[in-house]
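Here is a short briefing to read alongside the sequence and the 3D view. Have the viewer ready, and take the points below one topic at a time.

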Amino acid sequence: MNVLRKWITRILNGFAGISFLAMVLLTCWQVFTRYILQSPSTWSEELVGYLFAWMSLLGASIVTSEREHMNIPILVERFGDRGQKLLTCLGEVIAFLFSAIILVFGGIRITALAMGQMTSSLGVPIAYSIGISALVVILQTVPLEVSVVTGAQRTFVGMSKFSLTAIPFFILAGNLMNQGGIAKRLVDFVMAVLGKLPGALLVTNAGANALFGAISGSASAAAAAVGSMVKEGERELGYDPALCAASNGASAPSGLLIPPSNALITYSLASGGASVAALFLGGYVPGILWALCCVIVAVLIAKRKGYSGTKGKFSWKNLATVTFRALPALSLIVIVIGGIVAGVFTATEGSAIAVVYALILGVIYRNIDRRSFWKIVVDSAKMSGMVVFLIGVSNILGWVMAFLQIPQAVSAALLGLTDNYVVILLIMNVILLIAGTFMDVTPAILIFTPLFLPIVKTFGMHPVHFWPDSGL
């Protein structure tokens, strides 16, 4: 049985990885045909959408089988081993039933309709919890068959949008950078610039997280890559490991604000189409402020604990050397963000170019070979499947909220308490702070943006301005 499961997993990994690579190549092909051949491709975008849906479903299924989906096991952890196993089994049964009802039966019904148109406290994963909750609400208002078909349709539509493919591309680019030795060059660069400040390791951690997050588009990739570099020096230099971990965790989210960012793209979707380019430009100031505040706090704590800066005098020669080594990685920011803002390519095409660029650097630095590259692709496909499946299922929740006019009800309730926008924003921030303690940023954005954005619009706040609140 284990051998059969191993082979099935290997086959699924292969299909997911091949689909992922095909998406990257087709997206780059779009840019090539537009600017080199002067004849834009008319079929590649639609094919990428189909591959995206398949890759996401395959990745989500692999993550489900490996029990790596995002969940909030608050209740499960209160039980003993036997109780945990029972609740885990119950969660897997619920996930299976949802998949069978929505993804299988609903998918078959949609396929039949479209044949002529060819162009979670119990430990249940958050994606399945959202989908099941939405499905239960739909069943109260419309018949079963209509509910299932609607749920499947909203899920597939949410997972096949071309604009969303930027998310898995940036995830892949971040993982390639992590493996490709880029993090080490960025840490050395920041250390040369800020290393003379008290608490050099903490300050470097904050600055490198901001830079790596800006390049990779992922706060988790920044925390993993830079954190591993910092861990190597904390014992040697006598730093408190708990303090280093706290510094890493506090500064890594600056990458959610500094573009490119997967969270920005998710917010663009949840807000109903806020400009990705505007969100990217609007993320720099709050992101830099976040990183700067982390540096200031690190310096103050370092002075109190007696952590000094790097020894010796400041060396311009060393700065020039590490800058030259880090320049290829830093130039990725200019290429991707500059190209998107200038309108040379879309955010999705820019993310695909970031993948190719990161791969080239990793090969040049001799840190990525054929075997490690395939592992990175498969791991990225699984991570992407988990995130994108969550986005697709959240489309059901969005449809339910719109159908039942839930945002209007929430808006009326809050505005009934007070018409002072400062008080309303404070209430929202408290709710988001509590939710953020238990939830990952992606489900939090998908759930709370449709609820709160209509409210802030009533007193003139722009969706781009509201992003830092909803995202963090």
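**Phe-452 and its surroundings**

Phe-452 touches Leu-414, Met-428, Ile-431, Leu-432 and Phe-466, leaving aside residues up to four places away in sequence. Please keep in mind that this is a predicted model.

- Phe-452 sits in helix H20, which runs over residues 441-458.
- With a relative accessible area of 4%, Phe-452 is buried, because the cut-off for that label is under 20%.
- Gln-408 is 44 residues away from Phe-452 along the chain, yet the C-alpha atoms of the two are separated by 9.8 Å.

**H20 against H18**

- Helix H18 (residues 406-417) packs on H20 at an angle of about 55 degrees, and the two axes are 8 Å apart.
- That angle makes H18 oblique to H20.
- The H18 and H20 crossing is right-handed.
- On the H18 side, the contact uses Ile-406, Pro-407, Val-410, Ser-411, Leu-414 and Leu-415; on the H20 side, it uses Pro-450, Leu-451, Phe-452, Pro-454, Ile-455 and Thr-458.
- Sorted by class, this contact of H18 with H20 holds ten nonpolar and two polar residues, with no charged ones.

**H20 against H17**

- Helix H17 (residues 370-403) also packs with H20, here at an angle of about 20 degrees and with axes 10 Å apart.
- H17 and H20 therefore count as roughly parallel, a label that applies to angles under 35 degrees.
- Their crossing is right-handed.
- H17 contributes Val-387, Leu-390, Ile-391, Ser-394, Leu-397 and Met-401, while H20 contributes Thr-442, Pro-443, Leu-446, Ile-447, Pro-450 and Leu-451.
- The contact of H17 with H20 comprises ten nonpolar residues, two polar ones and no charged ones.

**H15 against H16**

- The axes of helix H15 (residues 316-341) and H16 come within 9 Å and cross at roughly 165 degrees.
- H15 and H16 are therefore roughly antiparallel to each other.
- The crossing of H15 and H16 is right-handed.
- Pro-328, Ala-329, Ser-331, Leu-332, Ile-335, Val-336 and Ile-340 of H15 face Ala-347, Gly-350, Ile-353, Ala-354, Tyr-357 and Leu-361 of H16 in the contact.
- Eleven nonpolar and two polar residues make up the contact of H15 with H16, and no charged residue takes part.

**Helix H7**

- Helix H7 covers residues 182-194, and its 13 residues should span 18 Å at 1.5 Å a residue; the end C-alpha atoms are 18 Å apart, so the two values agree.
- Buried residues in H7 are Ile-182, Ala-183, Arg-185, Leu-186, Val-187, Phe-189, Val-190 and Ala-192.

- Arg-366 belongs to the loop between helix H16 (347-364) and H17.
- The phi of Arg-366 is near 60 degrees, which is a positive value in a residue other than glycine.
- Arg-366 counts as exposed, at 77% relative accessibility.
- Thr-42 is in the loop between helix H1 (2-35) and helix H2 (44-65).
- Thr-42 is exposed too, with 72% relative accessibility.
- The C-alpha atoms of Thr-42 and Gln-30 are separated by 8.7 Å, and the two residues are twelve apart along the chain.

Technical notes: Residues numbered from 1 in each chain as written. Predicted model: local features only at pLDDT ≥ 70, side-chain atom pairs only at ≥ 80, totals over all residues. Heavy atoms only, no water. Helix = DSSP H or I, 4+ residues; strand = E, 2+ residues; numbered from the N terminus. Buried < 20%, exposed > 50% of the residue type's maximum accessible area, 1.4 Å probe, protein only. Contact = heavy atoms within 4.5 Å. Expected span 1.5 Å × (residues − 1). Axes fitted to C-alpha atoms, helices over the stretch in contact; angles between N-to-C directions. Parallel < 35°, antiparallel > 145°, perpendicular 65-115°, else oblique. Left-handed = near helix turned anticlockwise from the far one by under 90°. Nonpolar A, V, L, I, M, F, W, Y, C, P; charged D, E, K, R; others polar.
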